[in-house]
Amino acid sequence: MDTITRPMRIGIDGRPLIGRRSGVGRYVYELCRQLDVILPAADFFVYANVGIELPVLSDRWHLRLDHSSLMSHLKPAIWLKWRCGSLCAADRIDAFWGGLSLLPKLDPRVRSVSTVYDLTWRIAPQSMGRLHRLSFSMFFQGDLRRATHVAAISHGTAERLVTLYGRPADAIITPAVDQTLFQSIDGTESGADSGTNIPSPYILAVATWEPRKNLELLVRTWMKMRDDGLMAGWNLVLVGGRGWKDSRLSALVTPGSNNGVIATGYVDDQRLADFYRRAELFIFPSSYEGFGIPVREALACGTRVVASDIPEIREAGGGDCVYVEPTESGLREGILQALKQARPDGKAVQSWPTWQDGAMTLARLLTE
């Protein structure tokens, strides 16, 4: 590689930016927007085999879309391994950010950063789709070894990396919350509104429909509580898109079933903030998470939270949540306990890291 006298060229895995933004997609999108500010002289190359929205519209941001009809039909992980590396070589990149953990084949002199969100393929492999699980089983450990730097999104994930793979994280870059959007608003009135169109009172869950989110358990618990004469006149609102292995959940959540369960599908961030603020309680019953972004969003909106008692979610929620075992009895008791408590005061929000803080750390890993 030539001595760098030109602007630094940074490659970015564009796969997290495919489709609607949630979770990992939002994490990558927001950090990219901050990198643009922190590294004003750098050029950014975002690689994908299907169309995506660039995080920044600028002549320094370049979408490297693989136009071959064959490439566009490949699974994104296969495309990353088979094709992306040659595009990076053609662009003579100096550093690459693997925002979905895996890395393409790169020149050994290219600095690489792998971001690790969770270790689901080791801890809860049954909750993953077959191809997703297979790609991580085949490639993750090797990519972890050859990454110049590894960033984890939580201390819990970092500890699991050491325990399971013997690789310490070089940095912790926790997800941030847009506090201009996710914030409590004094004087919010209950009832239906243009943002949610859901009558109060309701309990809210936010998650893609996939097994480790435990939404089926939540719905069954909710239905049993109603059968027992609890929560009369309340609704359980599920915000989030369909995912995988969700046929049993889908059978429970049918329009007009009169069980008090309302599924909204995916909503944008503005409407999501409205849902949080108007909910009497937010519930997050996941069996495993790498962090728990929705927990922080709910707390920022001044909403009571019941969440599964695992280290990574405790890291996100701190002392402002009711933590329970993700079982029917745990969820039931947590809901009843939390509804007796006052709403959180939101003071913890002031100490949370921002997207700018995270991007400063990521920029250091990419450039040092």
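Strand β1 (residues 9–13) is mostly covered, five of its five residues being buried, where buried denotes under 20% relative accessible area, exposed over 50% and partly exposed the range in between (1.4 Å probe, protein chains only). The model is a predicted one, in which local features need pLDDT of at least 70 and side-chain atom pairs count only at pLDDT 80 or more, while totals for chains, interfaces and linings use all residues. Residues are numbered from 1 along each chain as its sequence is written, and side-chain values use heavy atoms, with hydrogens and water left out. Strands (E, at least two residues) and helices (H or I, at least four) are DSSP runs numbered from the N terminus.

In a regular strand, side chains alternate between the two faces of the sheet. Both faces of β1 are covered: R9, G11 and D13 lie on one side and I10 and I12 on the other, all of them buried. Strand β1 pairs with β2 (residues 43–48) in the parallel sense over five bridges, two strands being paired if DSSP finds at least two bridges between them. Within this pair, D13 stands opposite Y47 of β2.

These strands belong to an open sheet of seven strands in the order β3-β2-β1-β4-β5-β6-β7, with parallel pairing. Its edge strands, β3 (61–65) and β7 (171–172), each pair on one side only. Strand β6 (residues 149–152) is joined to β7 by two bridges, and the two strands run parallel; A152 stands opposite I172 in β7. Helix α6 (residues 155–165) packs on the sheet, touching β5 (111–116), β6 and β7, and its direction makes about 130 degrees with that of β6. Contact here means heavy atoms within 4.5 Å.

The packing of two helices is described by the angle between their axes and the distance between the axes. Helices α1 (residues 24–38) and α13 (residues 355–367) pack at an angle of about 70 degrees, with axes 8 Å apart. Axes are lines fitted to C-alpha atoms, for helices over the stretch in contact, and angles run from 0 to 180 degrees between N-to-C directions. The two helices are therefore roughly perpendicular to each other; angles of 65 to 115 degrees count as such, those under 35 as roughly parallel, those over 145 as roughly antiparallel and the rest as oblique. On the α1 side, R26, Y27, E30, L31, Q34, L35 and I38 meet W355, Q356, G358, A359, M360, L362, A363 and L366 of α13. The residues of this contact divide into 10 nonpolar, three polar and two charged. Ala, Val, Leu, Ile, Met, Phe, Trp, Tyr, Cys and Pro count as nonpolar, Asp, Glu, Lys and Arg as charged, and the others, Gly among them, as polar.

Residue R26, found in helix α1, is buried, with a relative accessible area of 10%. Apart from neighbours within four places in sequence, R26 is in contact with R21, F182, D269, L272, I293, E297 and W355. By comparison, R122, placed in helix α4 (residues 120–123), is partly exposed at 41% relative accessibility. With the same exclusion of neighbours within four places in sequence, R122 is in contact with L164 and Y165.

The count of disulfides comes to zero, a disulfide being a pair of cysteine sulfur atoms within 2.5 Å. The sulfur of C84 is 4.0 Å from the closest cysteine sulfur, in C88, and so too far for a bond. C84 counts as buried, at 0% relative accessibility. C301 is likewise in no disulfide, the nearest cysteine sulfur, that of C321, being 13 Å away; C301 is buried, with a relative accessible area of 3%.
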